[in-house]
Amino acid sequence: MNKQLMILLTGRIITNFADSFYMIATIWYVKSATSSPLLIGLTSAVAILPVTIQFLYGPIIDRFSKKKILFVAMLGQGALVSVISILYYTNLLWLPLLLTLMFVALSLSECTYPTESALIESLTPREQLTRVNSIFAFSYQTLDIICDAVSGILIAFVGLGLIYVTNSILLLGTGLLFLFYLNVPRSTKETELRTVHFIKQYKDDFKDGFQVVKKRYTLLSVVFGIIGMNVMATMGISMLPVISESSADYGFWLTAMSLGTLTGTVLSSKVEKIALNRILPLLSLWSGMCWMLAFALKDLAILPYLLFAISWMGIGVIGIYVQTLIQVNLPEGYIGIGFAFISSLLGSLSPLGYLLGGVIGEFTSGRFPLVISGVGYLVFALYFRVNPKLRNLNKPLSVRFEDS
């Protein structure tokens, strides 16, 4: 990879580390303060809600300097986490205020992902996209494993306050890294003469981007299937803190997720030549079966964590596939806005999944939503086989299947 991709990768690793840590800290704070599955599910729903508004960032990403967007997003996020740490140490951390600050901070964070994805596409040759996406995912997920593995121990022995302070410093530092060292090419839209009529320009870009995405019928068929799968999965994920007997136990489940996803990102480049209508249903079937077994056998010692990790191997491959499919099948000049639109679609119902998980967990055992959430992966495999557009999708990952 070239120097600019390395700088982007470094910033992404640090950002991912910080986001994960203060999100885990907030969820565990709510668990410790309330012990309510419903409030835990609500916290998770608020944390994922910013994904649904990514489409609003699209015209801004394609029109303005991506370097400045990343800097402002990092600076704002770091400032908000600093406020959370101050409120925590002064015992003024009221739960509604905490959720509001977390929502705004994560909204800024969500702006960075389509921006970085657009930069990856512009800095990388088409034939290397899968490999570069895998490297990015592998790198920050390696750090995710460390973060998840030690999160429970740090929460127990270091304290939530120090975690918030440390992450605010990391986010501010990342913003400065992008400001002083990141140099990226300007897009055609970015170099156009700007007018004072920003709102009109924004509306025009928004409509233009929407029309581009709207015409990607096959790609949207894949996306709609992933949306359903995500709703079911998030129902279960919201209950991981509930079934965890300690913060360390919660960290073990998160570590299993990260290890599995990491392994999947490594394998993704090994299977990219297999036709999409064969590999995607097989991966989702694999993940669903292992997921359900993990929680059906939860009372055993190490096996549930192992099965959960194996389940996330398939999910990790699917995640890389979806990202690459979006990059390959959107026309040049619309990667930023298109990625933002589709990312919003992908996360549109995830908050509902987290909330439903909390509601079901409130009236049943926390394990029940976890077991049934694996059904979503089995349904996706069936959906891929019965949908005519997807059933005939016999092209490998790197081949465009949408018209320009």
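## A buried glutamate

E116 counts as buried, because its relative accessibility is 2%, under the 20% cut-off. The model is predicted. This residue sits in helix α5, which runs over residues 95–123.

Which residues does E116 touch, leaving aside those up to four places away in sequence? The contacts are L8, R12, L70 and F178. So the buried glutamate has an arginine, R12, among its contacts, along with L8, L70 and F178.

## Overall make-up

The protein is built from helices. The count is 19 helices and zero strands. Of its 404 residues, 57% count as buried.

Contacts reach across the sequence. Take the contacts between residues at least 6 apart in sequence: 88% of them join residues at least 24 apart.

In soluble globular proteins, nonpolar side chains tend to be buried together. Here the largest nonpolar core holds 101 residues, and L240, W291, F295 and F308 touch the most other members. Helix α1 (residues 3–34) gives the largest share of this core, 15 residues.

W291 is buried, because its relative accessible area is 0%. F295 is buried as well, with 0% relative accessibility. Leaving out residues up to four places away in sequence, F295 touches L240, I243, W253, F308, R367, L370 and V371. Among these contacts, L240 and F308 are also on the list of members that touch the most others.

## Helix α1 and the residue after it

Is α1 mostly covered or mostly uncovered? It is mostly covered: 24 of its 32 residues are buried. Its length fits a simple estimate. At 1.5 Å a residue, the 32 residues should span 46 Å. The end C-alpha atoms lie 47 Å apart, so the two values agree.

Just after α1 comes S35, with a positive phi of about 55 degrees. S35 is not a glycine. It lies in the loop between α1 and α2 (37–48). S35 counts as exposed, because its relative accessible area is 58%, over the 50% cut-off.

Where does N91 lie? It is in the loop between α4 (66–89) and α5. N91 is exposed, because its relative accessible area is 71%.

## Aromatic rings

The structure has 16 aromatic pairs. One of them is W291 with F295: the ring centres are 6.3 Å apart and the planes meet at 55 degrees, so the pair is tilted. W291 and F295 are four residues apart in helix α13, so about one helical turn separates them.

Which residues form one aromatic cluster with this pair? The cluster is made of F252, W253, W291, F295, Y305, F308, W312 and Y377.

## W286 in helix α13

W286 lies in helix α13 (residues 276–296). Its relative accessible area is 44%, so it counts as partly exposed. W291, in helix α13 too, is buried at 0%.

Leaving aside residues up to four places away in sequence, W286 touches I310 and G314. The I310 contact includes a polar approach: the backbone oxygen of I310 lies 3.2 Å from a polar atom of the W286 side chain. I315 is 29 residues from W286 along the chain, and their C-alpha atoms are separated by 9.2 Å.

## Cysteines

A disulfide is a covalent bond between the sulfur atoms of two cysteines. How many disulfides does a search of the whole structure find? The search finds zero.

C111 is buried, because its relative accessible area is 11%. C290 counts as buried too, with 11% relative accessibility.

Definitions and conventions. Residues numbered from 1 in each chain as written. Predicted model: local features only at pLDDT ≥ 70, side-chain atom pairs only at ≥ 80, totals over all residues. Heavy atoms only, no water. Helix = DSSP H or I, 4+ residues; strand = E, 2+ residues; numbered from the N terminus. Buried < 20%, exposed > 50% of the residue type's maximum accessible area, 1.4 Å probe, protein only. Contact = heavy atoms within 4.5 Å. Core = buried A, V, L, I, M, F, W, Y, C linked by side-chain atoms within 4.5 Å. Polar contact = N/O pair within 3.5 Å; in protein donor to acceptor, adjacent residues only side chain to side chain. Expected span 1.5 Å × (residues − 1). Phe/Tyr/Trp six-rings, centres within 6.5 Å; stacked < 30°, edge-to-face > 60°. Disulfide = S-S within 2.5 Å.
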